[in-house]
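This briefing sets out computed features of a single protein chain for use alongside its sequence and coordinates. The points are grouped by topic, from the whole chain to individual residues.

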Amino acid sequence: MAAKKQYHPLAKQLVTIQIVWTIASFILFMLTAFMKNWLPFGSKLMIPVMIVLVLSNFFIILRNAYEIDQKGTLFIRLKFSIV
């Protein structure tokens with residue numbers, strides 16, 4: 001007998017947020033990589049952009065974890081679900 005896994009809507013939202021943020025981060029990073037040829041300070045811009053993207057991802061993860069722990073809901077949530 002095949003068993004179908006049922007996922008909690010909160011877990012679906014977390015996965016959706018991470019997927020959307022990963023795609024957005026990739027696009028921002030690639031735009032920065034293309035702009036380094038056009039801007040005079042472009043080569044110095046890559047590392048700060050990478051650091052900001054990683055720190056913002058940590059913020060999203062930690063803030064949502066805190067809200068789930070305190071209230072049982074997400075702080076950063078989307079109105080749609082990819083999963």
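The accessible surface of the protein amounts to about 6,800 Å², and carbon and sulfur atoms account for 72% of that area. The model is predicted, and its fold contains 2 helices and 0 strands. Of its 83 residues, 16% count as buried.

**Overall dimensions and contacts**

- The radius of gyration of the protein is 17 Å, whereas a compact globule of 83 residues would have a value near 12 Å.
- The C-alpha trace spans about 60 × 35 × 20 Å along the principal axes of the protein.
- When contacts between residues at least 6 apart in sequence are considered, 66% of them join residues at least 24 apart.

**Helix α1**

- Helix α1 comprises residues 9–35, and Thr-32 lies within this segment.
- The 27 residues of α1 reach 39 Å from the first C-alpha to the last, which is close to the 39 Å expected at 1.5 Å a residue.
- The buried residues of α1 are Gln-13, Thr-16, Ile-17, Ser-25 and Thr-32.
- Thr-32 counts as buried because its relative accessibility is 10%, under the 20% cut-off.
- Beyond its neighbours within four places in sequence, Thr-32 is in contact with Leu-45, Met-46 and Val-49.

**Helix α2: Leu-53**

- Leu-53 belongs to helix α2, which covers residues 42–70.
- With a relative accessible area of 12%, Leu-53 is classed as buried.
- If residues up to four places away in sequence are set aside, Leu-53 touches Trp-21, Ser-25, Leu-28 and Phe-29.
- A separation of 18 Å lies between the C-alpha atoms of Leu-53 and Leu-14, which are 39 residues apart along the chain.

- The C-alpha atoms of Leu-62 and Phe-26 are separated by 21 Å, and the two residues are 36 residues apart along the chain.
- Glu-67 is located in helix α2 and is buried, with a relative accessible area of 6%.
- Not counting residues up to four places away in sequence, the contacts of Glu-67 are with Gly-72, Thr-73, Leu-74 and Phe-75.

Technical notes: Residues numbered from 1 in each chain as written. Predicted model: local features only at pLDDT ≥ 70, side-chain atom pairs only at ≥ 80, totals over all residues. Heavy atoms only, no water. Helix = DSSP H or I, 4+ residues; strand = E, 2+ residues; numbered from the N terminus. Buried < 20%, exposed > 50% of the residue type's maximum accessible area, 1.4 Å probe, protein only. Contact = heavy atoms within 4.5 Å. Expected span 1.5 Å × (residues − 1). Rg over C-alpha atoms; globule rule 2.2 N^0.38 Å. Areas by Shrake-Rupley, 256 points an atom, 1.4 Å probe, with all protein chains shown as cover.
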